Amino acid sequence: MKILDLHIDGFGKFHNRDISFSDGLNIVYGKNEAGKSTLHTFIRGMLFGIERQRGRASRNDTYTKYEPWTDSGTYEGRMRIESGGQIYRIERRFQKGSKSLSIINETLGKAEEPTPALWDKLRCGLSETAYTNTISIGQLKCATDQGMVGELRNYIANLNTSGSIALNITKASAYLRSQRREVESQMVPEAARTYASLLGEIRKMEQEIASPRYANQLAAFRSQKNQVKKQLEDRQKEKEALLEKAAKGRQILLNSQFTDPDSVTAYTENAKQLFADHQAAQEACAKKSRILLPFLFFLLAAACLGGSVLCLAFPALTARYLSLPLPLPAMGGGLAGLALVFLAGAFFQLSKGRRFKKERGRTARLLSEIFSKHLGDSSISSEAMEALEAKMGEFLRLSRAVAQSEETLNRLTQDISGLQAREEGCSGQIEEQQRIQWELEQKLEHLDACKTKAESLKHVLAENERLQEELDAIDLAQDTMTTLSTSIRDSFGLYLNKTASDLISGITGGIYTSMSIDQNLDISMNTPTRLVPIEQVSSGAMDQIYLAVRLAAAKLVQSGSDTMPLIFDDSFVLYDDERLKTALKWLVKACDGQIIIFTCHKREAQLLTANQIPYHLITI
C-alpha cells in the first residue's frame, strides 16, 4: 500500500491544503511548529479515525489538540491510497455529532462498504496499536540515557515474549498476584443470614404496595375537580349574567308598580273596564232628554191612586158598578199607582243624565292618568287603548321573563351549591390521595433501600461463591501465561531476533551483528569481537537498535505481500551525519515500498542529494 495524496479541508493549522507523495522516498521538510506532526496525525486519523475522550480527558486528547484553528467548523479531509493495484479514496469527517466515513474505489468507480475485511486489506492487517508501535516511527521520548535503556528493554521484551507491544508479561503477572490478594480479602460470612431477612421484608412490603388502596387515583381526582371547578365557574358566570338581567327587568316592573304577571293582567283588565265604562257613559250622555214619558207615568200614577181613594171613600158605588169586593180595587189601584210613580222617577233620572256625566268624568280622569303614565299622552281614544294594551303585553312578557329568570336563578343557586359541595369533596379526596401517595413513596423508598441492600448482598454472595473459582482461574491464567510466553519466545521471539539482527547489522553498518535475549529478558548486542549489554550502548546506537526492532516487528505483524509505508517523524534526531547517511542508504535498499520522513532539518535532503539517492521533497 502507498499513499498518493492528501487533501485537508480542516485539521489543526491546515485548511484547504493539498499534499502529494511519490513512490519510494519522500522527505517532508518543515521548521518546528510547521505542522509535521499534524500531517502525521492526519494520516493516522484517516486510517483509524479519531475518537473524542470523555470528561477531563477530552481537554488534552488528540481530537481537541487537532481541531481546526479556523472558525469554519470543517474538521475533515480525504486521502487517496493505492492498494492491490487499485486506487481508493478515503473521506472522513471527524466532527463530533456529524462524523462520517466513505471509501470510494476510484479504479472501479464505486463506493465500497468499510467492512473489517476491506480495512484489513487497506491497512495490511495492522491494528492502530501495531501501526503506532511499528511502521509509525518517532524518536525515543526519554530525557536520559537510562530512560532510553528502559524503554528499549521494555519494547524488545514485550515483543519477544508476547508478540505484541500492547502486552506486558511482567506487568500482567504482577497484576494477577495483586488480584489474588484482593479476592482473598473479600469473604463476608454473615451475608447469607442478612440476605434472607431482607428477602422476607421485601416480600411483605411488595404485598402491601400491591393493595388497591395504593392505586394512584390522584390524577383522576384532580381531573374531576378541574371539571367541577369549570362547571362551577360557568354556573357562576351564568348566574351573574342572569342576576343582572333579572334585576334590570325587576326594576323596570317596579318603576311601573308591577310585581308579577297577575298584577299586569289585573291592571290591564281594570284599564279595559274603565275604557268600556267611559264609552258607555259617554254614549248615555249623548242621548236627548225625554220628559213626556215620565210625565205620563206620573199622571197615570195619580189616576190609579185617586181611583183607589174613591173606592175606599165610596164603597157602595164600587160594589154596585164593579161587582167586586171592596179591598181588591183599592189594593190594585194603590199598587199600580206606586209602580207608576217608581217608573216615572226612574225615567226622570235617566232623562236628566246626571249619573252618567259623573261616571264619564271619573273614568276620563283615571284613563288620562293611565295613558299619560304609560304612553306619555293623556288623550283618550281607541288607538290609545290599543297602544296601552300593547304596552301591557310587553310588561306581561317582561314579568314572565323575570319570573322565569328568577326560577332559573333558584335552580342555578342549587346547582352551584351542589357543585361547591362536590368541589370540596374532590379536595378532600385529593388530600387523602396525597397522603396515601406520600405513604406509598415512603414504603417504596424503604423497599428500594431493602432491594439495594439485598442486591449488594446478592452480589457479595455471588462473589463469595465464585471466589475460589476466581482464585483457581487466576492460578490457571498465571500458569497459562507462563506457558504461552515460553512458547511465543520459542517461536515469534526467534523470528524477531533473527529479523531484528539482520536489520541491526545493516542499519549500524556492521558495528552490531545481532541481538540476543536471555531467559531473564536481559538484552545484549553482538559485535564481531564481544557481547555488549544494552546498558553500555550509546544513545545513537540505541536509537538505531530501536528502529531496527520496530522494522522487524512491522515485517512480522503485517499480513500478505502488501505492506504499509514506513513513516518517520523526526526519528533521526540523535543520529550523527555518518549514522544518518548509513541509515538512509540502508533504508532505500532494504525497503522497496514507500517511505515518508518528516524532519525539521535539511541534512537528510542534503545527504541524499550528495549520495545521488533519488527522493521527493515536500516543503510545508
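**Reading the features one by one**

Modeller: Gladly! Let's begin with a charge and a ring: R213 lies over the face of Y214, 5.2 Å from the ring centre. Please keep in mind that this is a predicted model.

Colleague: Thanks. How many aromatic pairs are there in the whole structure?

Modeller: A search of the whole structure finds 11 aromatic pairs. In general, a pair of aromatic rings is described by the distance of the centres and the angle of the planes. Take F48 and Y131: their ring centres are 5.2 Å apart and the planes stand at 50°, so this pair is tilted.

Colleague: Which parts of the chain does the pair of F48 and Y131 tie together?

Modeller: F48 belongs to helix α1 (residues 36-48) and Y131 to helix α4 (residues 128-133), so the pair ties together parts that are 83 residues apart in sequence.

Colleague: Are F48 and Y131 buried or exposed?

Modeller: The cut-off for buried is under 20% relative accessible area. F48 has 15% relative accessibility, so F48 counts as buried. Y131, at 1%, counts as buried too.

Colleague: Which residues do ring pairs link into a cluster?

Modeller: The cluster consists of F11, F42, Y63, Y66, Y75 and F94, linked by ring pairs.

Colleague: Now to sheets. In what order do the strands of the open sheet run?

Modeller: The open sheet has 6 strands in the order β2-β1-β4-β5-β6-β7, and the pairing is antiparallel. At the edges stand β2 (17-20) and β7 (110-112), each with a single partner strand, so one side of each has no neighbour in the sheet. From one strand to the next, the twist averages 20°.

Colleague: How many bridges pair β1 and β2?

Modeller: Strand β1 (residues 2-10) pairs with β2 over 4 bridges, in the antiparallel sense.

Colleague: Which residues does UniProt list for "coiled-coil region"?

Modeller: The unreviewed UniProt entry lists residues 218-249 and 450-477 under that name. In the model, residues 218-249 are 100% helix and 0% strand, with the end C-alpha atoms 46 Å apart. Residues 450-477 are likewise 100% helix and 0% strand, and there the end C-alpha atoms are 37 Å apart.

Colleague: One last stop: what joins the side chains of N526 and S514?

Modeller: A polar contact of 2.5 Å joins them. N526 is part of strand β10 (residues 523-526), and with 19% relative accessibility N526 counts as buried.

Technical notes. Residues are numbered from 1 along each chain as its sequence is written. This is a predicted model: local features need pLDDT of at least 70, side-chain atom pairs count only at pLDDT 80 or more; totals for chains, interfaces and linings use all residues. Side-chain values use heavy atoms; hydrogens and water are left out. Rings of Phe, Tyr and Trp (its six-membered ring) pair if their centres lie within 6.5 Å; planes under 30 degrees apart count as stacked, over 60 as edge-to-face and the rest as tilted. Helices (H or I, at least four residues) and strands (E, at least two) are DSSP runs, numbered from the N terminus. Buried means under 20% relative accessible area, exposed over 50%, partly exposed in between (1.4 Å probe, protein chains only). A charge sits over a ring if NZ of Lys or CZ of Arg is within 6 Å of the ring centre and within 35 degrees of the ring normal. UniProt positions are given in the numbering used here, feature names are shortened, and annotations may be inferred rather than shown by experiment. Two strands pair if DSSP finds at least two bridges between them. Axes are lines fitted to C-alpha atoms, for helices over the stretch in contact, and angles run from 0 to 180 degrees between N-to-C directions. A polar contact is a pair of N or O atoms within 3.5 Å; within protein, one must be able to donate a hydrogen and the other to accept it, and residues adjacent in sequence count only if both atoms are side-chain atoms.
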